[in-house]
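Visitor: I would like to go through this model by question and answer. Please keep to what can be computed from the atoms.

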Amino acid sequence: MLLLWQIVTYWGISMITQTAASSAVTTTTDYDVVVVGAGFAGLYLLHKLRALGLSTHAYDAADDVGGTWYWNRYPGARCDITSVDYAYSFDADLEADWQWSEKYATQPEILAYLGHVADRFDLRRDITFSTRVDGAKWDEDAGIWNITVVGGETVTARFYVMATGCLSLPKSPDVPGIESFSGPIYTTGTWPHEGVDFTGKRVAVIGTGSSGIQTIPLIAEQAKSVTVFQRTPNFSFPAHNGPFPTERAADMTADRDAYHQAAKESGAGVPLEVTERKTLDVTEEERNTRFEDVWAAGDLIRIATVYADTLFNPDANKIFADFVRNKIRSIVDDPVTAEVLCPITYPIASKRVCLDTNYYQTFNLDHVDLIDLHNTPILTVTALGINTANTSAEFDAIVLATGFDAMTGSLVAVDIEGRDGHTLKQKWADGVRTYLGLTTVGFPNLFTVTGPGSPSVLSNMVVSIEQHVEWICDTITHMDANGLRTIEPTAAAEEGWSNHVNDYANITLLPIAKSWFNGSNVPGKNHQYLPYVGGVGGYRTICNEIVARDYLGFVFNGDQCNDGVIRRLQPDVNIMLEFIATLGLPPFETLDVDEARALSAAIGDEAPPGPEVGEVVDGTLPGAVDALDYRLYRPDTPGPHPIVAYFHGGGWVFGSATSDDSFCRDLCDRSGVIIVSVNYRHGPEDRFPAAIDDGFAAAQWLAENAENLGGIAGHLAVAGWSAGANVAAVVCQLAKDAGGPMLAGQCLLTPVVDGGFDWPSYEENAEGYVLTRPLMEWFLNHYVDEADRTSPKLAPLRATDLSGLPPAMVVTCEFDPLRDQGDAYAKALAGAGVPTAHVQAHGQIHISVPAVGQIMSSIWVREKMGNALRGFFA
Ligand code: NA7
C-alpha cells in the first residue's frame, strides 16, 4: 500500500497528513515532539530536533536549564568525569569557545556551561520552566501523545521523549522520625539556591555515597561539628582536582574527530586506553606500582579498568580492594574509625566508586565524628537530634545525602499511560523491560534518553546522551521519510534485550552490592541490575546494527514488523567466537585426521589451567583391547571419595585422558568426588563400537578397583561431554543390560544420543558456533558406518526401554547442533521414570560450558553439574 506523508510545520503546529490508498487520516498535534527535561539531554534534543525542522517543546520543573546540575547545588558538587570529556562534542565551535577552569568542574561551572549552550542556540524559547509534566497518555486511535502538566494544560505530540536523567528523583527520606526534627533539613539533590551557612552549627550528615563524600569535607570546613551517619562505607579515591589539564585538551584539539570517535568506541565514553592484562598475571611489585599510579591519577575510568579482570574475578577484585583499604588505613589516624570507613561487604566498583577531596582526612579532625549505622542504627530522629542504638546527639541541621530513586524513579513518577490504558509504572512494577533502554513495548513513540538497559550511568553521560539523541532524531527522520507514524519494539526484541542486559551484568561482579544500580537502595523496589554493562562502543554498534537491519525488533504503524533479537549469545561466548574468527583457522572437516588432531591439541594447549585439586595421578587401566590412559583428579578433602568415570569430548576422533583437564579439575573441585578421565579408542583407526567397548571396560575396572584408587566401593557414576557423553550414556545402558556395574548417575553435557541429522537444531545452528553440522558429519563418518547409526550403542535415544537407568543430568546448549537430541533424551529419560535434571543453557554453544577460566556465563552450569555429581552419591 502506498503511503504518502506530508509534514507541515507552521507556528509550532505540525499537521501530519497520511494518505493511504483512497482513505485519508489527518492528525494535528501541537508539536512533533514533546521533551521532558532541560538538562544535557533535553537541550541537545531541542537543538537537534529544531535543526530537522520539527516543532518541539520542552518542559522542566526547574526555573532554568541544567537538569541534575540545576538541583544538586550542595557544597562540593562536581562532575567526576574530566571536564574536557564531560561536555558536548556535537559542535566544534561550542567546544572551542568554552574553557573549563578545573580538571573536575564544579556544579556552578557546569550549570553556567549549560546556560551558555541554551543561550548560544537560543533554546530557552522552546522550554516552559517551572512546569512539571505529570501525565502522558497515548491515544491509540489518533496515534498521538496527550501530555498534561501540573495545573491542567494538555498538549499533543507525535513523539514523547523523557529526558529526565538517571539521578533526578531524590529517594524519600526513609529515616525514622525525620519529620519531627525541628531544625532545617537539607537534601543534597534539592539544595537551596541561596546556599547554606553552617558556621557555628552542629551538623548531622546521613549518607556516604558520592554526594556525601563530596560535601562532608566542605561542611566540616564551616561547621562547629559534623557527625557523619554511615550505613555502608564506599571506596573513594582522591580526585586530585586542580587546574584544567591542558594536555588532555591538546589531545582533543590535535584531532578532535579522532578523539571523539575514540570516546564513542570506548567502554565508558572516555578515550583512555585500557589494559588487557590480568591482576594475577603480573608480579605483586608490578601490580602495586600500577595501583599507586591509579591512586595518583584520580580518574574513575582508570580505577574501573585497573586490570582487565577486576570487575570479573573475585580474587583479582579483592587484591585491588585490599590496596584501597590499606590506603584508607594509612590516611585515617584512628584505627577504629579507619576500619569503619573500610568497605568489606562487596567487591570494589560494584557500588559507585567515588572521587573525593580530603574525604578520609576529614575524619582526623577533632570536630568530625563517624557513627557506624551498621552496628548502631538510627532509632529515631527527634525534634532536637538523632538517637541511635547507643548514642543520642543534638544537631542544628541535618543533611540528607541519601541518594535517588535512580534510573526508573523519574520515569515512573510521571503517569505515563500507553496502549490499552496500562501505565509504565504498572509495567515495570515487577521488573524493568526495555528495548535498548530507549523504547518499551506498549508505549509507541515514547523514547527514554539513557533509560534503563542502556550504558547510561556506567558511562560518561554526555557521550551516551548524544548517542541516544542522535539515534532518536535519526529514527524520527527515517519514519517521516518513509511515511511511518508509530514505532514500538516487539515483545521478543524487548525480552531478548532484557535477557542480554541481565546476562552481561551477571558475568561481572557488579550486581553483587546493594546499590542504586540494582534498585536495592529504595525499599520495595524491584531488584535488577539496570544499566547495560556492555560499554558505549559495543552498545552503539548494536544500535547501529539494528538500524542497518531495517530496525530489527521494531514494529512500525502497528503492522510493519521486523521481529528478531539482536543478541542471543551470552556476551562472553560472543567475544570468544569473535576472537576465534580473528584466528582464521581452517574448518576441521577440511583437514586430514592428523592435521585436525594437531590443531585440536594446539587449541587445547592454550586453554587456561583449571583450579588446583588435591592430587592428580596419571595411570593406565585395562580397556576392551589395550590399556587405556587415565588421569585421576582427587579432591582436596579427606577421602575416601566416590568416583566418576569421565569421558572426554572430541567427536570419537580427537582427545585424550588429559584433553579436558581444566574441565575435569573444575568438576572435581565443585563436586568433591574423584574424577577419572579415561581415554578410549578413536576413529577412524578404531571404529564403532571400540569407544563404547573401552568405556564399558573402564567402568567395570573402576568399579572393581575403587578402593585401591581412594574411592568407595559401589559409589561410581559416569560423566562426559559430547562424544564422551555418548560413551557415558551408552555405558549406562550396557551396565543396565549386563546387570552391572552399578552406576549411581550419569552426567551428560551436550551428548550425542542419535546418529541422524533430522533435528531442527542441526539446521538452526548448522554454522557459526564452532561445532558445525559439517564437522558432526565428518566425526560420524570417521567413527561409524551409516548402517550402525540407529544402533542404541551409537544412538541411546533409540533404545527401546530407558527405564531403570541411573539418575541423569542432561545439559544442552541453545546454540548447539546437538541441542534437540539432548533435549529429547532428557525428556525420554524422564518419561521412562529416570530421575532427570535437565539444564538448557541459554546463550551457550557446544564448547562454552567446559571452557573453564574463559567463559564466566557458564559457571552456573558447571556448578549445577558439580552439584549433580555430588548428589548422585547423597
Ligand atoms: P548514593 O550513592 O545512593 O548514596 C546514598 C547514601 O545514603 C548511601 O551511603 C546510603 O547508604 C545512604 N542512605 C540511604 N538511605 C539511608 C537511610 N535511610 N539511612 C542511612 N543511610 C542511608 O547517592 P548519592 O547522592 O551520594 O550519589 C548518587 C550518584 O549521584 C552518584 O553515584 C553520582 O553518580 C552522582 P547505603 O549505601 O544504601 O547503605
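Visitor: Which loop holds Pro-684?
Guide: This is a predicted model. Gly-683 and Pro-684 are joined by a cis peptide bond, with omega about 0°. On one side of the loop is strand S28 (674-678), and Pro-684 lies in the loop between that strand and helix H21 (690-704).

Visitor: Where is Pro-741 found?
Guide: A cis peptide bond also links Gly-740 and Pro-741, with omega about 0°. As for its place, Pro-741 is in the loop between H22 and S30.

Visitor: Is Ser-722 buried or exposed?
Guide: Ser-722 is a residue other than glycine with a positive phi, near 65°. Its place is the loop between strand S29 (711-721) and H22. Buried means under 20% relative accessible area. The value for Ser-722 is 6%, so the residue is buried.

Visitor: And Ser-130, is that residue buried or exposed?
Guide: Ser-130 has a positive phi near 50° and is not glycine. The loop between strand S6 (127-128) and strand S7 (133-139) contains Ser-130. Exposed means over 50% relative accessible area. Ser-130 has 51%, so the residue is exposed.

Visitor: What is the phi of Gly-833, the residue that follows H25?
Guide: Helix H25 covers residues 819-831, 13 residues in all. Gly-833 comes after H25, and the phi of Gly-833 is positive, near 90°.

Visitor: How far does H25 reach from its first C-alpha to its last?
Guide: With 13 residues at 1.5 Å a residue, the expected reach of H25 is 18 Å. The reach in the model is close to that, at 18 Å.

Visitor: What covers the buried residues of H25?
Guide: The buried residues of H25 include Arg-819, Asp-820, Asp-823, Tyr-825 and Leu-829. Among the elements that cover the buried residues are helix H22 (723-738) and helix H23 (760-764). The cover also includes strand S30 (746-749), strand S31 (808-815) and S32.

Visitor: How far apart are the C-alpha atoms of Thr-187 and Arg-248?
Guide: Thr-187 is in strand S10 (residues 185-187), and at 21% relative accessibility Thr-187 counts as partly exposed. Not counting residues up to four places away in sequence, Thr-187 touches Pro-170 and Leu-400. Arg-248 is 61 residues away along the chain, and the C-alpha separation is 34 Å.

Visitor: And what separates the C-alpha atoms of Gly-619 and Val-676?
Guide: Gly-619 is in strand S25 (residues 615-622). Beyond its neighbours within four places in sequence, Gly-619 is in contact with Leu-628, Asp-629 and Tyr-630. Val-676 is 57 residues from Gly-619 along the chain, and their C-alpha atoms are separated by 9.9 Å.

Visitor: Which residue has a polar side-chain atom 2.5 Å from an oxygen atom of the ligand?
Guide: The residues closest to the ligand are Lys-171, Ser-211, Arg-231, Thr-232 and Lys-351. Arg-231 places a side-chain N or O atom 2.9 Å from a ligand oxygen. A polar backbone atom of Thr-208 is also 2.9 Å from an oxygen atom of the ligand. The residue with the 2.5 Å distance is Thr-232.

Visitor: What share of the area exposed by the ligand alone does the protein bury?
Guide: The ligand is surrounded by 20 residues. By class, the shell has seven nonpolar, eight polar and five charged residues. Taken alone, the ligand exposes 770 Å², and the share of this that the protein buries is 88%.

Notes
Residues are numbered from 1 along each chain as its sequence is written. This is a predicted model: local features need pLDDT of at least 70, side-chain atom pairs count only at pLDDT 80 or more; totals for chains, interfaces and linings use all residues. Side-chain values use heavy atoms; hydrogens and water are left out. A residue is near a molecule or strand if one of its heavy atoms lies within 4 Å of it. A polar contact is a pair of N or O atoms within 3.5 Å; within protein, one must be able to donate a hydrogen and the other to accept it, and residues adjacent in sequence count only if both atoms are side-chain atoms. Accessible areas come from the Shrake-Rupley method with a 1.4 Å probe; for residues, only the protein chains shown count as cover. Ala, Val, Leu, Ile, Met, Phe, Trp, Tyr, Cys and Pro count as nonpolar, Asp, Glu, Lys and Arg as charged, and the others, Gly among them, as polar. Helices (H or I, at least four residues) and strands (E, at least two) are DSSP runs, numbered from the N terminus. The expected span of a helix is 1.5 Å times one less than its number of residues. Buried means under 20% relative accessible area, exposed over 50%, partly exposed in between (1.4 Å probe, protein chains only). Contact means heavy atoms within 4.5 Å.
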